[in-house]
Amino acid sequence: MSIELLDIRKQFGGFTALDNVSLDIPEGELVALLGPSGCGKTTLLRIIAGLEQADSGSVAIHGQDKTDQHVKNRGIGFVFQHYALFRHMTVFDNIAFGLRAKPRRQRPPETVIRNKVVELLDLVQLGWLGDRYPDQLSGGQRQRIALARALAVEPKVLLLDEPFGALDASVRKDLRRWLRNLHQNLKVTSIFVTHDQEEAMEVASQIVVMNKGRVEQVGSPAAVYDQPATPFVSRFIGNVNVFQGRIRDGRIDLGHWQLPLTGPVNPDTARISAFVRPHEAELTRQADAGLPPVQIEHILPLGSVVRLELSMAQGANAGPIQIEIPRRDYNELKLQDGGKLFLRLLQGQAFPSEATH
């Protein structure tokens with residue numbers, strides 16, 4: 001089911017949690033609401049669910065206005081960060097709860113309910129745990145059971161609030177992959193809240209980046225990383241170096257470097273800020289025309305890549321500058337041997353300088 005949000009506004013006292021947010025979420029997408037704490041993402045999720053009422057604006061699901069409808073009439077499954085399982089019920093009964101709680105006329109026969117629960121336990125790959133209680137499960141298992149319980153009522157939309165936030169890093173990584181694969185099979189329109197950029201990039205088909213109650217950008221993981229619409233998105237999604245410069249002859253002029261002009265800037269802009277990702281740079285021992293000398297302050301191996309923190313001997317862009325190079329290049333440069341190194345920037349995104357303040 002598609003979801004359309006129009007001019008959603010919500011205040012808590014004098015604090016504006018959502019400031020006229022509009023979104024169109026196509027049917028079958030797995031969407032991440034991504035942003036720092038307090039940006040409004042959980043409030044927006046709760047308004048979609050009907051757990052919170054917007055001060056103004058509308059919520060439509062598959063073209064039907066749900067703004068004033070009670071949560072139980074919205075056809076939505078909700079998965080909380082801390083599972084919210086009934087501790088006194090077995091795993092089997094937890095999953096069956098939503099079906100057994102339906103009004104008598106809508107309630108399926110018990111044989112249908114039991115078959116459905118068995119099917120869902122197999123779907124979340126925990127069929128052998130049906131007679132256990134939540135306290136006997138690991139965090140990752142409890143989260144999968146919570147998801148199975150939400151799916152039992154066959155929701156039109158699935159909402160997940162920081163679904164993996166309470167889990168260890170290794171368990172989170174496994175569940176991200178599992179959720180992505182599960183969504184590919186079920187195709188239920190799903191929205192999950194996270195403040196973890198890596199999680200959003202790895203799981204979601206679309207990312208909604210939020211800040212201070214507003215939507216900064218909507219796009220695929222590749223789009224928000226490679227073509228950030230605002231300085232905030234550029235800083236929030238991954239690491240970035242910021243250099244001050246200007247536009248000259250259709251290029252970004254940073255003094256030591258000339259880069260291709262990319263980004264939402266007018267060629268006549270006097271001063272710009274260039275946002276350069278750590279991988280959009282390279283080190284060389286060749287003193288090519290005008291490249292600035294740098295020295296390595298810190299080396300951090302990260303598996304297949306090596307992150308280097310550099311400082312410059314001179315100039316306004318005096319660092320620290322972070323770059324990431326393939327381990328092969330790191331080994332070929334024999335950086336442990338010292339010697340003079342020069343830094344080449346390959347590309348970056350330009351924004352008007354005043355936009356970064």
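This briefing covers aromatic contacts, charges over rings, and pockets.

The model is predicted: local features need pLDDT of at least 70, side-chain atom pairs count only at pLDDT 80 or more, and totals for chains, interfaces and linings use all residues. Residues are numbered from 1 along each chain as its sequence is written, and side-chain values use heavy atoms, with hydrogens and water left out. The whole structure holds 4 aromatic pairs. The largest pocket has a volume of about 840 Å³.

**Aromatic pair**

- Rings of Phe, Tyr and Trp (its six-membered ring) pair if their centres lie within 6.5 Å; planes under 30 degrees apart count as stacked, over 60 as edge-to-face and the rest as tilted.
- The ring centres of F275 and F351 are 5.3 Å apart and the planes stand at 90°, so this pair is edge-to-face.
- F275 lies in strand β14 (residues 272-276) and F351 in strand β20 (residues 349-352), so the pair ties together parts 76 residues apart in sequence.
- Strands are DSSP runs of E, at least two residues, and helices are runs of H or I, at least four, numbered from the N terminus.
- F275 is buried, at 2% relative accessible area; F351 is buried too, at 2%.
- Buried means under 20% relative accessible area, exposed over 50%, partly exposed in between (1.4 Å probe, protein chains only).

**Charges over rings**

- A charge sits over a ring if NZ of Lys or CZ of Arg is within 6 Å of the ring centre and within 35 degrees of the ring normal.
- R144 places its charged end over the ring of W178, 5.7 Å from the centre.

**Largest pocket**

- A pocket is an open set of points on a 1 Å grid over the protein atoms alone, where a 1.4 Å probe fits, with protein on both sides within 12 Å along at least five of seven lines; lining residues have an atom within 4 Å of a point.
- The lining has 25 residues, with V71, K72, I76, G98 and V153 nearest the centre.
- β6 (76-79), α2 (91-100) and α4 (139-152) each supply at least two lining residues.
- β6 gives the most, with 4 residues.

**Second largest pocket**

- The volume is about 240 Å³, taken as the space filled by probe spheres set on the points, which are joined across faces, edges and corners.
- Of 13 lining residues, Y225, G238, N239, R307 and E324 lie nearest the centre.
- β17 (305-312) and β18 (321-326) give two or more residues to this lining.
- β18 gives the most, with 3 residues.
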